[in-house]
Amino acid sequence: MEQSIFTFVVSSLFGDIPKRKEGLLVSSSMSFSVLSKTRTAATLKRQLAGHTTAATLSTSGELNLAKRQKKEPFVFNGTVTILDQAEHYLVVDKPPTVVCHHSDWSGSRSKKKVIPEVPMLQRTREAVQERVNLVHRLDRGASGCLLLTLAKSDQDDIDATSILQQAMTEANKTYIALVRGEGLVNGRDLKKEGWFEVNRPIKDESGNMNNATTLFRFIAGQDNDSGRLDRPRASVVLCQPKTGRWHQIRRHLNGLSHPIIGDSSHGNSKTNREWRSKHGLAPERTCLHLLKLQLKKTKVCPSGIDVFCPLAGDMMTLLEDHLPDVLEETQRILREEEGIDLQTKVPESNDVSIQLTV
């Protein structure tokens, strides 16, 4: 009886092993030999992975099974701030260092973290108690407006996700960035130029060059008198990408010798280390925040979309602690000339509790 049970277990795991090669020698210690030599130890371990048993195979062909210890589920308790919600879509405030969704690019599933990562897609789904789809993405380190659709709007043949993704190609997106440097480049004081355009092609992931255009406005900045003052060289910049190339804002700012603080791909490693060690910049944080998102009218959003996301708390703290004069000047200019108030009241958040088995 014991042998027939384990024969069934192995044949169900290795369904492609011919019946005539399923001969087993079974012992009460849950060890048995696979008489067929068609399976290597690595193959057996790989095919047994994810089951309730762990496997080892001796050189003599003896396969040992040991029951895995059951792990306690991890419970994530957090909040999701909904900035705007309508029948077919919603806009949420994405916090920094949180991925939008699990992917090969995020690498989050392969990292061995003590606390499992809960992406915004899953957090939002739990907050509204229904399935949602991403319309666009923000990098892990960035923060701000994140647009999603309710999945039922796609199932009802409205195709909300595709419609809003098309609308995003013409959307007006205003980012705010904290960059290294006081706003001076080759004798130019960028703070005095108002909005100006950078039109520089960018290579995509395949190495192909694509046109890329971004509008920038350097709002305020400070120097450190060539190191004689104990304060960071940094500026606040508004950014409006007119094309949607990969890391476009980050690469264009780096081309202006004003890389975004915390940008590990296109920024300055020494500057990033200093901000993390001396000024409290969080690991994986890129100081880029989608402040305002505006979309034209569509059948999914008959009145259009015009959403503002207050500056993330960690960026506000960095400005208050290390660039107070820059913050004061930034708030004045944004309020008087751009109609933006960084201190706009934050909407109430929805509590989220998610149980994960890891």
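Me: What is the volume of the largest pocket?
Reply: The structure is a predicted model, in which local features need pLDDT of at least 70, side-chain atom pairs count only at pLDDT 80 or more, and totals for chains, interfaces and linings use all residues. On a 1 Å grid over the protein atoms alone, a pocket is an open set of points where a 1.4 Å probe fits, with protein on both sides within 12 Å along at least five of seven lines. Points are joined across faces, edges and corners, and a volume is the space filled by probe spheres set on them. For the largest pocket this comes to about 1400 Å³.

Me: Which residues lining the largest pocket are closest to its centre?
Reply: Lining residues have an atom within 4 Å of a point. The largest pocket has 43 of them. The closest to its centre are R137, L138, D139, W246 and H247.

Me: Which element gives the most residues to the lining of the largest pocket?
Reply: Helices (H or I, at least four residues) and strands (E, at least two) are DSSP runs, numbered from the N terminus. Residues are numbered from 1 along each chain as its sequence is written, and side-chain values use heavy atoms, leaving out hydrogens and water. At least two lining residues each come from helix 5 (160-168), strand 9, strand 13 and helix 6. With 3 residues, the element that gives the most is helix 6.

Me: How many of the residues of helix 6 are buried?
Reply: Buried means under 20% relative accessible area, exposed over 50%, and partly exposed in between (1.4 Å probe, protein chains only). In helix 6 the buried residues are Q248, I249, R250, R251, H252 and L253. Their cover includes strand 9, strand 12 (196-199), strand 15 (213-222) and strand 17 (288-295). Helix 6 (residues 248-255) is largely enclosed by the rest of the structure, because the buried count is 6 of the 8 residues.

Me: Which residues does T174 touch beyond four places away in sequence?
Reply: T174 lies in strand 9 (residues 172-180), and its relative accessible area of 4% makes T174 buried. A contact means heavy atoms within 4.5 Å. Leaving out residues up to four places away, T174 touches L238, C239, Q240, H289, L290, L291 and K292.

Me: How many disulfides does a search of the whole structure find?
Reply: C100 is buried, at 3% relative accessibility, and C239 is buried at 0%. A disulfide is a pair of cysteine sulfur atoms within 2.5 Å. The number found in the whole structure is 0.

Me: Which residues of the largest nonpolar core touch the most other members?
Reply: A nonpolar core is a set of buried Ala, Val, Leu, Ile, Met, Phe, Trp, Tyr and Cys residues joined through side-chain atoms within 4.5 Å. One of the residues asked for, L147, has contacts that include Y89, V135, L164, M168 and L295, beyond four places in sequence. Of the 79 residues in the core, those touching the most other members are L147, L164, L178, F216, L253 and L295.

Me: What is the phi of T97?
Reply: T97 is found in the loop between strand 6 (89-94) and helix 3 (120-128). A relative accessible area of 25% makes T97 partly exposed. T97 is not a glycine, yet its phi is positive, at about 65°.
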